[in-house]
Amino acid sequence: MTGSPHVRSRARRRRGATWRPILGAVVLALLVAALPLLWLAPASPGGVRVGGVSIEWWYGGLLAPVAGWAVAAWALRGERDESGAADAPGQVLPVHGEPDRADAESTPSEPS
Amino acid sequence: MGAMASAVRLVSGWLTPVVWLVPPALMLRDGPGGLWVGLLVVLAPLLALVVGGARAAAPPSESALHGVVLVAVAALLIWANLSLAGDVATALGIPRWHGVVLAAGPALVLALWRRVPALSTALLLVAIAGMALPLARVAQVSGVAPTRAWQTLASREAFHFAPGSASVAGGRDIAGGSRRAPVALDEEQRVSAPSGGAVRVLTRDALRPGAQEWSLAPGQSVSLRPGDRLEAEPGTRLRFEAGRRVPGAPASGAAWAAGGGAPRPVALLALGLTLVGGAIALFAQPRFVAPGRRTAAVAGAALLLALLWAQGWTVYAALQAPDVFLGGVTLATVVEVPALALGAPGSPFQAALLVGLLAAFAAGSAALIERPGAAGVGGAADVGRDLGFWAAVFAAAGAAGLWTVDPWAIALWALGLAASTLAAGAVLPGERARASAGAGAIGLAVFVLLSALRWAGAPDVVPMPLPAAIAGAYRAALGVLTAEPVLAAVPASLVFRLVLGRLDAA
């Protein structure tokens with residue numbers, strides 16, 4: 001059984017939506033870990049200056065934060081921003097990311 | 001609206017004044033070493049948001065234990081910020097309790113106001129404006145363009161007291177706030193007390209340490225030699241000589257840019273685990289912060305601005321107000337920068353910064369108070385609305401804030417507690433609350449036990465007779481783990497989460 005192209009592309013999208021945040025979290029963790037690795041590397045490459053500013057400052061102060069911002073936005077591309085946030089203390093957001101009705105109906109017909 | 005509300009919750013709950021001010025304080029003190037905390041402050045909450053996105057379809061189960069820990073974490077972070085308010089008040093020359101009360105009262109009222117989301121956005125904007133205006137003014141007065149500021153600082157030969165600086169003209173209190181260590185002098189210096197006061201000089205003659213105490217009359221001075229260390233009673237204002245090196249400052253701009261010695265991998269790892277784990281514990285809960293792309297875009301922009309602000313504050317403070325190094329940089333001295341850099345004409349900018357910090361504290365308190373409600377367990381959902389309960393928490397935190405305790409140490413302990421108890425359940429998927437609660441209890445027990453051992457001074461005690469080599473290794477290992485309890489508590493919690501999750505699945 002192969003299923004329709006429409007269902008296959010939806011299944012691919014859902015797999016992407018599952019894996020993208022995990023991959024994004026790994027990339028963010030690597031971006032964080034790279035700064036101490038720069039310090040601990042032999043010959044201190046972080047101290048080398050480029051354009052008058054040391055590489056460690058370029059990386060930790062600008063490149064890694066900007067890259068992290070972009071990675072977070074990319075990783076959450078498949079997620080919906082919930083509307084109707086809490087109006088009062090203690091009131092919390094409803095759980096989101098649940099499959100919508102169309103997805104729920106299509107799930108049984110997905111190839112196993 | 002949803003994305004904006006979520007982003008505001010994330011940014012305001014994370015960037016309380018203590019977390020705002022730690023990156024510039026550590027960057028001033030350690031140079032590039034402080035960048036580590038700056039990078040973590042930006043990336044840890046974004047990582048938490050992405051972890052929350054991975055768990056959006058099945059949000060982490062949180063038990064009553066998690067709810068209680070979240071209330072404790074919120075209370076500890078409120079205490080840390082009130083302790084900072086007390087330190088800032090002392091540094092600005094007003095009684096400590098004035099600062100605590102001035103911060104706690106408005107923050108409690110604003111945090112518990114019903115229309116929190118719209119108010120939090122406004123408070124966050126006030127905070128950003130209050131931080132940005134003094135920086136813009138200090139940068140303008142310095143005459144150094146932002147593109148050349150870092151290079152100018154890194155090429156500075158030494159950090160000297162300027163003739164008109166506050167430490168030369170009116171004198172400064174070197175013992176205020178959480179600053180405890182004596183001021184070590186690098187070169188000869190004549191120090192006077194314009195209003196009088198007692199000073200203690202720790203000397204080293206012929207390799208023997210000694211101490212001398214003087215009670216100085218108003219205007220009387222004392223000569224100090226290189227290597228002497230100076231202590232003063234809190235409240236004693238001391239005046240230093242213009243043109244002399246600022247005690248506590250790096251030897252030069254190049255020395256500051258190179259950083260202070262080799263980094264300790266264990267300390268770097270512990271700080272990373274604490275901040276990343278703490279952020280995940282607080283924000284990787286989709287019921288609290290919706291992990292969407294627009295949330296990440298808005299929150300990421302605000303966090304990036306905060307890091308750029310911290311770097312600008314660091315560089316321009318060192319350029320325009322080298323007195324900030326006097327006696328070692330603390331969070332409170334970072335707040336003094338407008339007064340130190342601009343003098344009396346800078347008072348509106350000093351006021352703007354204080355208003356910005358108060359707004360950040362109020363917005364942060366509102367977000368932290370809401371977090372236990374997102375645990376979704378019984379009464380915890382209503383705790384955010386309980387005016388009496390949070391008034392009692394603010395009163396207790398305010399009373400604790402009257403004692404001088406390092407605000408960053410309190411905040412780190414709070415985030416470590418959150419990481420040890422909640423991060424495992426947030427990171428590892430699982431349907432059942434039992435595994436998450438069990439892992440949280442293990443992480444909590446390990447974290448609290450190791451912290452208690454440290455406070456009790458027990459790392460030096462070997463429980464049974466052991467060969468010297470084994471006893472030494474035991475002491476060394478326990479010393480590391482008690483100094484950094486997250487290094488044991490978070491892995492223990494993760495392992496138990498995995499094991500209990502598999503048992504549940506079986």
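This is a predicted model: local features need pLDDT of at least 70, side-chain atom pairs count only at pLDDT 80 or more; totals for chains, interfaces and linings use all residues.
**Helix α2 of chain B**

I began with the buried residues of α2(B), which are B:P17, B:V18, B:V19, B:W20, B:L21, B:V22, B:P23, B:P24, B:A25, B:L26, B:M27 and B:L28, where buried means under 20% relative accessible area, exposed over 50% and partly exposed in between, with a 1.4 Å probe and protein chains only. Because 12 of its 14 residues are buried, α2(B) is largely enclosed by the rest of the structure. I worked with heavy atoms for side-chain values, leaving out hydrogens and water, numbered residues from 1 along each chain as its sequence is written, and kept chains lettered from A and ligands numbered from 1 in the order in which they are written.

I took helices (H or I, at least four residues) and strands (E, at least two) as DSSP runs numbered from the N terminus.

**Nonpolar core**

Next I looked up the largest nonpolar core, which has 172 residues, with B:W14, B:L230 and B:W408 having the most contacts inside it; such a core is a set of buried Ala, Val, Leu, Ile, Met, Phe, Trp, Tyr and Cys residues joined through side-chain atoms within 4.5 Å. Helix α3 (residues 35-54) of chain B gives this core its largest share, 15 residues. I then listed the contacts (heavy atoms within 4.5 Å) of B:W14 beyond its neighbours within four places in sequence, and among them are B:V19, B:L40, B:V41, B:L275, B:F283 and B:L415.

**Salt bridges**

My search of the whole structure gave 8 salt bridges over all chains, each a side-chain nitrogen of Lys or Arg within 4 Å of a carboxyl oxygen of Asp or Glu. B:R96 pairs in this way with B:D87, with 2.7 Å between the closest N and O atoms, and both residues are buried.

B:R172 forms a salt bridge with B:E336, the closest N and O atoms being 3.1 Å apart. Because B:R172 lies in strand β1 (residues 172-173) and B:E336 in the loop between α12 (331-335) and α13 (337-342), all in chain B, the pair ties together parts that are 164 residues apart in sequence. I found B:R172 buried at a relative accessible area of 3%, and B:E336 also counts as buried, at 9%.

B:E213 and B:R200 meet in a further salt bridge at 3.3 Å, N to O. B:E213 is in strand β5 (residues 208-216) and B:R200 in strand β4 (residues 197-205) of chain B, so this pair links parts 13 residues apart in sequence. B:E213 is exposed at 61%, whereas B:R200 is partly exposed at 32%. Shared partners join B:R200, B:E213 and B:E231 into one network of salt bridges.

**Chain A**

Last, I looked at chain A, which has 3 helices and 2 strands in the order α-β-β-α-α from the N terminus on. Buried residues make up 38% of its 112 residues.
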